[in-house]
Amino acid sequence: AKAVAEENPGAVIIGADQIGTCKQNILVKTGDKQRAVAQILSMNGELCHFFTATAVAKNNGASGVHTELMCDTTKVQLRQLNDQEIQTYVELDNPISCAGSFKAESLGIALFERIETSDPSALIGLPLIGVTTLLKIFNVRLLGDALT
């Protein structure tokens, strides 16, 4: 966000990225269904953590780039699933480009026993509650003057 803001004076730039861990392993975007099934099997019945970092930056000209940061932690408890349930899920949702091999905004929600987070949108990849909070620092009000 800071690098983009440096090249775009006056623009408010939002950047975000996410990493997941389970049993001290980094959860990846597998790129294929077989590896997605294997990754979900490795997470089966486990508590996993997803860390979603967000940066909002603005180039204020002579005073430089102002950047605000936050990180949301989401805990996901996976259900104990059988091989067929996992295989069926991967076939139906094709989550090969998602860290952790699931789409929480889709059928992936059926894989979970519970989710603990302060921002439900964080698990999808962009914590919108946090982004709104950071935008207020830059006087960006999504609801005009109604948002205080």
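User: How many disulfides does the rule give here?

Analyst: The count comes to one disulfide, a disulfide being a pair of cysteine sulfur atoms within 2.5 Å. This is a predicted model, in which local features need pLDDT of at least 70 and side-chain atom pairs count only at pLDDT 80 or more, while totals for chains, interfaces and linings use all residues. Residues are numbered from 1 along each chain as its sequence is written, and side-chain values use heavy atoms, with hydrogens and water left out.

User: Which cysteines does the disulfide join, and what makes the link left-handed?

Analyst: Cys 22 is joined to Cys 48, with an S to S distance of 2.5 Å, and the link is left-handed with -50° about the S-S bond. Because Cys 22 lies in strand β1 (residues 12–22) and Cys 48 in strand β3 (residues 47–59), the pair ties together parts that are 26 residues apart in sequence. Strands here are DSSP runs of E with at least two residues, and helices are runs of H or I with at least four, numbered from the N terminus.

User: Are Cys 22, Cys 48 and Cys 98 buried or exposed?

Analyst: Buried means under 20% relative accessible area, exposed over 50%, and partly exposed in between, with a 1.4 Å probe and protein chains only. Cys 22 has 4% and is therefore buried, Cys 48 has 0% and is therefore buried, and Cys 98, at 16%, is also buried.

User: What is Val 76 in contact with, leaving aside its neighbours within four places in sequence?

Analyst: Taking contact as heavy atoms within 4.5 Å, Val 76 touches Glu 46, Leu 47, Cys 48, Phe 50, Phe 112, Arg 114 and Leu 123. Val 76 lies in strand β4 (residues 65–78) and is buried, with a relative accessible area of 0%.

User: Why are α2 and α3 called oblique to each other?

Analyst: Helix α2 (residues 33–43) and helix α3 (residues 83–93) pack at about 135°, with their axes 10 Å apart. Axes are lines fitted to C-alpha atoms, for helices over the stretch in contact, and angles run from 0 to 180 degrees between N-to-C directions. Angles under 35 degrees count as roughly parallel, over 145 as roughly antiparallel, 65 to 115 as roughly perpendicular and the rest as oblique, so α2 and α3 are oblique.
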